[in-house]
Amino acid sequence: MLPNMLLQQLPVADWVESITNWLTNTLSGLFGFIQTVGQGLMDWMTNYLTWINPFVMIAIVVIGAFFISGRKLGLATFSLIGLLFVLNQDLWSDLMSTFTLVLISSLVSVVIGVPLGIWSSKSDRAQAVITPILDFMQTMPGFVYLIPAVAFFGIGVVPGVFSSVIFALPPTVRMTNLGIRQVPEELVEAAESFGSTGSQRLFKLDLPLAKNTIMAGINQTIMLSLSMVVMSSMIGAPGLGRGVLSAVQRAQVGTGFVNGISLVILAIIIDRYTQNINRLMSAESKAIDKDAKLKQMKVRRGVLIGSIVVIVVSAIVQAVMG
Amino acid sequence: MPVVEVKNLTKVFGRKTKAALEMVKDKKSKNEILRKTGSTVGVYDASFKVEKGEIFVIMGLSGSGKSTLIRLINRLIEPTDGSVMVDGDDIAKVDKDKLREIRRTKMSMVFQNFGLFPNRTILENTAYGLEIRGVEKEERNKRAGEALKNLHLYDFKDQLPSQLSGGMQQRVGLARALANDPEVLLMDEAFSALDPLIRKEMQDELLELQQKLQKTIIFITHDLNEALRLGDRITIMRDGQIQQIGTGEEILTTPANDYVKTFVQDVDYSRVLTAQNIMEPASLLNIQAEGPNIALRRMKHDKISMLLAVDRERKLQGVITAEAARDAKNTGKDLVDYLDTSIPTIAKDTTVNDIFNIIYDAKTPVAVTENGKVLGVVIRGSVIEALADEDAESIDTNDIVDVQPEKGDK
Ligand SMILES: Nc1ncnc2c1ncn2[C@@H]1O[C@H](COP(=O)(O)OP(=O)(O)O)[C@@H](O)[C@H]1O
Ligand SMILES: [Mg+2]
């Protein structure tokens, strides 16, 4: 048996292939549906984002940056210069495509990842199964996921999201699990001793206390899905990655650089945004007294409502002007 | 009829329960059992009844199984064997829904490190039990507010736990448990993390509340003095097994075995040790120069609730409590008007035995003075420790030693 095994190559590649084929055939209806709906959704979003006047968009991002960073100028200035640069390089619609791709894949990752994290924090057995899978997912080079993605969904933006999700999922799952497991034993006992149900414990104790850790995981997930964008362009996902890819293929250093820099600008803005939002959220729960808390919440609500109004007004103005 | 009846309650941590139990029956030591079976006997064959309105104290050294026992009573830990009857239900056997209902309505727990939810305000913490029972917000805030008023905490209701001192946090813990209006209160070393003065205050407060509320309280401590002060009856545990159950008097006068005897015996070092051996530096307030704000800040900094008031010569004038300082601050009157002059004083060579008699019922610590000048203070914890400490021989009676109060066994 043993010599036999050494002599004969195990047909692992064949197995994986036939499993993938089987999945593709059996679930082709489902995959087709996801492909159509997903494509439609993302086209709509990109179209909407590109339809908004870039200057209005930049203004919103810059003002938002000013307020969420605690009225400091750093992030606002950076966003202003960075986004104007992207616009100047005529990469605006690529930027919006990339942003859509990152946003959707991060959302999907969070929607899948947080519940998975919760599950593995509640069950040692689930954790024992999920952890090695996550390890596997993270060590596998990202572009390997492109292959099944293409098999399932063909080419385009949906397989891009699919592979980004697989690639970017692990930190959210891990950090959710960790955050919940780190809730102090005595607090768990307190919640239990008063007769909390599972979901009461989850929503009143676990998630609020794990919030910061979970947010750190989500931040990492967003960054990972951004890094997957370039690779997704190999299977036809639109956006800045495509520019980088074609620059690489044609050895155009300049174009590659400009596209790459635009990606970096997007990455930094998203990263700082999520970090600041995270900080604000935890500051809210630690606010010294109710007055300060209320005031803070009012200001933030004001900013939010303000930006929505700006978007709507600009949309109307644009529609009227034709 | 007893409110809580524990029968043959046993908990073995680990896999080889049967083997471990066989070995306990053969009177093998805990260590040996752990080595042979890999299992720890947390509690073995505990039986007792607690009557309505009683404070039942469970006492023992660290690791003797106190926390395990109290957690078997509300089944935070699953029992290996035995039963816990509360109002006709066997907690060890009821299903999940019934257990939850019992926890929600019949018993509440107070924790050693307070177990307050850091993200919730004092009021939200206090209302937690009511909230998860589905009591309407207005109603539960009203009831939680009442509980907070009972413990003089209402003014802090919108603060977060981290903004309160340890003593106040534990009062919140108590308020949270009482807001539920349970029949049974389970208190696991509830006062052990507090410094001795606050601890005594809390003991007094608990006794006062108990007179009003007549709850059935199971109280855990590793402090003999606390047990004697609070307990209507006391259980002494060792290695998971109950050694004796009785009133404080019975335990002191007729110990059931040698272990209990050594546990409770009054060591005669009390005659040798004097005030200067066990006194601690006093937190002073110069009443001629310093006002209520300084007083409050100093108390907060030193984590104590009263200061010795002295004049410029360091001569003792009385005591300023936190309440007094707060009142003075609010009314704007002179602190001197709030001076409590009833503080007992002793000389530095008063023996521990004599101090004990003075301090036992004193509300304040005792000041050690010489020609009217403050040398230090003696707090109850140190006296008790000096009286109970088996290793008191090691104390060099010529030196002033800093006897740290016990800070809990975790
Ligand atoms: N979850 C657990 N797993 C294993 N052993 C435990 C566990 N909890 C407590 N023990 C053991 O049970 C014994 C009693 O512990 P405990 O009830 O915490 O004592 P106490 O509260 O009196 O200090 C100790 O030897 C402790 O190590
Ligand atoms: Mg304990």
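Before looking up the interface I noted the term: buried area is the accessible area, taken with a 1.4 Å probe, that two parts lose on being put together, summed over both. I also keep in mind that this is a predicted model.

Entry one, the interface. I looked up the area buried between chain B and chain A and found about 2100 Å², of which carbon and sulfur atoms give 56%. Chain B brings 29 residues to the contact, and chain A brings 21 residues.

Entry two, charges and polar pairs. I found 3 salt bridges between chain B and chain A, and I wrote down the one in which the side chain of Arg71(B) meets that of Glu189(A) at 2.6 Å, N to O. For polar contacts across this interface, the count is 10 residue pairs. On the side of chain B that touches chain A, helix H4 (96-105), strand S6 (107-110), helix H6 (128-133) and helix H8 (166-179) each supply at least two residues, and the largest share, 4 residues, comes from H6(B). I sorted the residues of that side into 12 nonpolar, 9 polar and 8 charged.

I traced an open sheet of 4 strands, paired antiparallel in the order S2-S1-S4-S5. Strands S2 (40-50) and S5 (89-90) of chain B each have a single partner strand, so one side of each is left without a neighbour in the sheet. Strand S1 (residues 4-13) of chain B is joined to S2(B) by 7 bridges, and Leu9(B) has Ala46(B) as its bridge partner in S2(B). Helix H1 (residues 17-25) of chain B lies across S1 and S2 of that chain, at about 65° to S2(B).

Methods
Residues are numbered from 1 along each chain as its sequence is written. Chains are lettered from A and ligands numbered from 1 in the order in which they are written. This is a predicted model: local features need pLDDT of at least 70, side-chain atom pairs count only at pLDDT 80 or more; totals for chains, interfaces and linings use all residues. Side-chain values use heavy atoms; hydrogens and water are left out. Two strands pair if DSSP finds at least two bridges between them. Contact means heavy atoms within 4.5 Å. Axes are lines fitted to C-alpha atoms, for helices over the stretch in contact, and angles run from 0 to 180 degrees between N-to-C directions. A salt bridge is a side-chain nitrogen of Lys or Arg within 4 Å of a carboxyl oxygen of Asp or Glu. A polar contact is a pair of N or O atoms within 3.5 Å; within protein, one must be able to donate a hydrogen and the other to accept it, and residues adjacent in sequence count only if both atoms are side-chain atoms. Ala, Val, Leu, Ile, Met, Phe, Trp, Tyr, Cys and Pro count as nonpolar, Asp, Glu, Lys and Arg as charged, and the others, Gly among them, as polar.
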